[in-house]
Amino acid sequence: MNYLEFEKPLAEIEGKAEELRAMGRGNPGMDIAKEAEALDKKAETLLRDLYKDLTPWRKCLVARHPERPHCKDYIDALFTEYTPLAGDRNFADDHAVMGGLARFNDSPVMVIGHEKGNDTKSRIERNFGMARPEGYRKAIRLMDMADRFRLPVITLVDTPGAYPGKGAEERGQAEAIARSTQKCLEIGVPLISVVIGEGGSGGAVAFATANRVAMLEHSVYSVISPEGCASILWKDAEKMREAAEALRLTAQDLQKLGVIDRIIKEPVGGAQRGRRETIDAVGKGIEAMLKELSGKKPEALIKDRRSKFIEMGSKGLAA
């Protein structure tokens with residue numbers, strides 16, 4: 001387990017429990033069961049206390065945890081007959097965005113998502129989930145196909161933001177993001193989005209302009225990263241904790257603001273401590289949201305989606 005900075009006391013207790021067990025395995029005559037069990041209970045209590053009321057900055061750290069389930073994990077577990085579709089038919093295939101035809105509960109759907117990778121090699125290949133213009137143009141192509149064949153679209157959002165490199169800007173990054181957002185508003189099929197980790201800036205909005213938007217309990221969704229916000233406002237990236245508070249980027253704040261529709265619970269300690277439970281919870285959330293939209297005509301779906309985003313900002317949070 002990779003421990004986050006605020007989990008250091010937990011790491012010490014769990015480390016001591018594991019040391020005791022290792023000693024017990026090396027010396028079968030030693031009776032360490034009670035001591036190890038006491039440490040386990042202490043660790044469990046501390047874990048609950050740590051995650052009971054996370055600050056926005058700590059939620060950012062949890063959302064970025066490398067051991068959280070990623071897009072590929074959800075696709076492998078929740079969808080069957082997944083057929084990946086590659087390329088934007090213009091420049092290249094962007095591995096930061098994966099998508100294709102699949103079945104969800106035996107019904108055909110189009111699934112699209114950001115993939116960060118799970119080790120050094122795959123993270124570099126996937127560009128850490130930061131899509132280039134061809135990634136968004138691939139998503140547009142897949143949404144067009146889904147609209148043509150009347151297939152619901154499910155998007156899984158997990159990106160620090162769109163890739164800001166020179167080549168991406170030269171190939172029209174801002175235009176590609178805008179076109180993807182526009183396509184989300186145009187298609188006449190149910191569009192459901194789940195923020196499974198980070199929802200960063202326009203890179204996330206390009207996939208999450210949906211009829212129903214859900215977030216995992218400890219995921220974040222914001223116009224800019226806390227570090228980026230702090231660098232602009234205070235000229236000091238170390239002010240990220242204050243920026244995270246000001247950005248209102250947690251699922252709980254965003255539900256109050258009417259930006260998202262549903263919060264999907266995570267196991268105690270975050271998705272990284274209960275990957276299977278988290279994936280199952282996301283599957284149930286997607287199923288419920290699809291039911292809410294089933295039977296609606298294309299015109300109603302488009303109108304519902306547009307109204308949802310036009311009305312954003314009408315709700316506020318007390319300071």
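Reply: What follows goes from the overall chain to one strand, then to ring contacts and backbone angles.

Me: Before that, what kind of model is this, and what pLDDT do local features need?

Reply: This is a predicted model, in which local features need pLDDT of at least 70 and side-chain atom pairs count only at pLDDT 80 or more, while totals for chains, interfaces and linings use all residues. Residues are numbered from 1 along each chain as its sequence is written, and side-chain values use heavy atoms, with hydrogens and water left out.

Me: Ok, how many helices and strands does the chain have?

Reply: The chain has 14 helices and eight strands, where helices (H or I, at least four residues) and strands (E, at least two) are DSSP runs numbered from the N terminus.

Me: And what about the radius of gyration?

Reply: It is 21 Å, which agrees with the value near 20 Å that a compact globule of 319 residues would have; the radius is taken over C-alpha atoms, and the globule rule is 2.2 Å times the number of residues to the power 0.38. Along the principal axes, the C-alpha atoms fill a box of roughly 70 × 50 × 40 Å.

Me: What share of the residues counts as buried?

Reply: Of the 319 residues, 50% count as buried, with buried meaning under 20% relative accessible area, exposed over 50% and partly exposed in between (1.4 Å probe, protein chains only).

Me: Switching to strand S4, how many of its residues are buried?

Reply: Seven of the seven residues in S4 (residues 153-159) are buried. Val153, Thr155, Val157 and Thr159 point one way, while Ile154, Leu156 and Asp158 point the other way. In a regular strand the side chains alternate between the two faces of the sheet.

Me: Which strands pair with S4?

Reply: Strand S3 (residues 107-114) runs parallel to S4 and is joined to it by four bridges, and strand S5 (residues 191-200) also pairs with S4 in the parallel sense, over six bridges; two strands pair if DSSP finds at least two bridges between them. Gly113 stands opposite Leu156 of S4, and Val153 has Leu191 in S5 as its bridge partner.

Me: Now the rings: how many aromatic pairs are there?

Reply: The count is three aromatic pairs, under the rule that rings of Phe, Tyr and Trp (its six-membered ring) pair if their centres lie within 6.5 Å, with planes under 30 degrees apart counted as stacked, over 60 as edge-to-face and the rest as tilted. One of them is Tyr136 with Phe207, an edge-to-face pair at 5.8 Å centre to centre with 70° between the planes.

Me: Where do those two lie, and are they buried or exposed?

Reply: Tyr136 lies in helix H6 (residues 133-148) and Phe207 in helix H9 (residues 201-208), so the pair ties together parts that are 71 residues apart in sequence. Tyr136 is buried, with a relative accessible area of 0%, and Phe207 is buried at 1%.

Me: Last topic, which residues have a positive phi although they are not glycine?

Reply: Asp106 has a phi of about 70°, and Asn127 has one of about 55°, neither residue being a glycine. Most residues other than glycine have a negative phi.

Me: Where are they, and are they buried or exposed?

Reply: Asp106 is in the loop between strand S2 (97-104) and S3 and is exposed, at 58% relative accessibility. Asn127 is in the loop between helix H5 (120-125) and H6 and is buried, with a relative accessible area of 10%.
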